[in-house]
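Hi everyone, thanks for making time.

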Amino acid sequence: MSTQQTTAVSEAAQTRRAVSNILKGSAGNLVEWYDLYVYTVFAAYFQSHFFNSKDDLQAGLEAMAVFSTSFLMRPIGAWFFGRYADRKGRKAALTLSVTLMSAGSFAIAILPTTQQVGVWALVLLILIRLVQGFSVGGEYGTSATYMSEAATSKRRGFFSSFQYVTLVGGQMLALLVLVILQNAMPDEALTEWGWRIPFALGGVAALVVLWLRRSMEETVSQEQVQAAKTPAAAGVAQPGTMKLLFTQYWKPLLICIGVTLGGTVAFYTYTNFILKFMNDTSGIAKTDTSVINFWALFIFMLLQPVYGIISDKVGRKPLLLWFGITGVLFTWPLLSTLSNTKDSFTAFLLMLGGLLIVGGYTSINALVKAELFPASIRALGVGLGYAIANSLFGGTVPLIGAALQKAERVDLFFTYVTVAIAISLVVYIFALKNKKATHLDREQGDAWNRPSKDGDKESDKDKDLLGV
């Protein structure tokens, strides 16, 4: 076999392994984010069972407050699962995360209401959401790390973008279930008991993913796992520890928080809060806003790999600058126009316009953060940096937005989103270099440093493809 053919075989084998691992990793991401988002998507139907039912705006505010409490657990989940993933492996952490999310979804599906058990219904709902927030806090950092490490070097932006394909896909799936149930059930039945169906579906889907993740390849080296088990010498920090993160990698951690801040605020504005925003401020019918959200998010999801491919060609920084500059310039015009429109198609175009801006961040942000840290601290650094910014800023978007809606000062919300993006834009300009060699470039992920599980079978398949 010629050198050229051998290279082609090697690249083909790596691509197949990358596709297989990315699919298994991203399937769990899809289900975890579906389980998280289904809460806000169906909040309008179940809020009367747990919150103040006399005032819809007040009930909605309380529902969003509970949604925001789940973000309080994100940093704790990021710390626990990041440490776990850096010390015991990405596969073990991802498997545990999806197990917890599945349990939470099943619990909400059978949760008694306030009419049945009084205030305990709300207490239990908050506890379940805290567990799910803990789970998702670990899912993001570990998933971002795994998908970045499992990707091939030349297509790292493309492969890593599938984290947000599945993240957005999770919300889109929740919206699809909503649209189906809205058309299949009377509104009264959906409000009375039909809202439980999507939570039960999420629990079942998570069990399927749990089975799939058993066959994922590990990207953490055995040397790193062994080092985590061995007592460290005096003054030496073990892999996956807060000591290592805060003594040697505190600067990348701060950059990670800064990269996330504006992006997470914009993302939750245009993908999560916007459904309630259109229902309450624009006055568009609930059934119409569901369809608008679904198709806008569908296009947004399909564009993630396109942005990822572009980043593989021109670098990551230009896409972040696109998001930062256009976000600062157009957030206010887009949202203020949306708040005054009654036309569904106009609302769709405005939402899509916002998502086209946010795509510059969502498609590559996980990879940008993963490239900041070495393997020994990557899951903890990425997860904790994201979770801190996400808890303080992204998770509070629905609550802040709902509160300003109720106070009839939604213009202040537009300002909040714009300022958050502007802060991150400063980080993109001064803290990031374009096309500079990263830790991932030097490591190339441990998945590529050893044979695949199929061993020689993989090579035989490659030879057959080339006819040799």
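Let's start with helix H7: 23 of its 31 residues are buried, so the rest of the structure largely encloses it. Buried here means under 20% relative accessible area, with exposed over 50% and partly exposed in between, using a 1.4 Å probe and protein chains only. Helices are DSSP runs of H or I, at least four residues, numbered from the N terminus.

Before I go on, this is a predicted model: local features need pLDDT of at least 70 and side-chain atom pairs pLDDT 80 or more, while totals for chains, interfaces and linings use all residues. Residues are numbered from 1 along each chain as its sequence is written, and side-chain values use heavy atoms, leaving out hydrogens and water.

Now, which residue does Arg90 pair with over in H7? That's Glu149, in a salt bridge with the closest N and O atoms 2.8 Å apart. By salt bridge I mean a side-chain nitrogen of Lys or Arg within 4 Å of a carboxyl oxygen of Asp or Glu. Arg90 sits in helix H5, so this pair ties together parts 59 residues apart in sequence.

Glu149 also meets Arg378 in a salt bridge, 2.7 Å from N to O. Arg378 belongs to helix H19, so here the tied parts are 229 residues apart in sequence. Glu149 and Arg378 are both buried.

Back at Arg90, there's a salt bridge to Asp86 too, at 2.6 Å between the closest N and O atoms. Through shared partners, Asp86, Arg90, Glu149 and Arg378 join into one network.

Technical notes. Helices (H or I, at least four residues) and strands (E, at least two) are DSSP runs, numbered from the N terminus.
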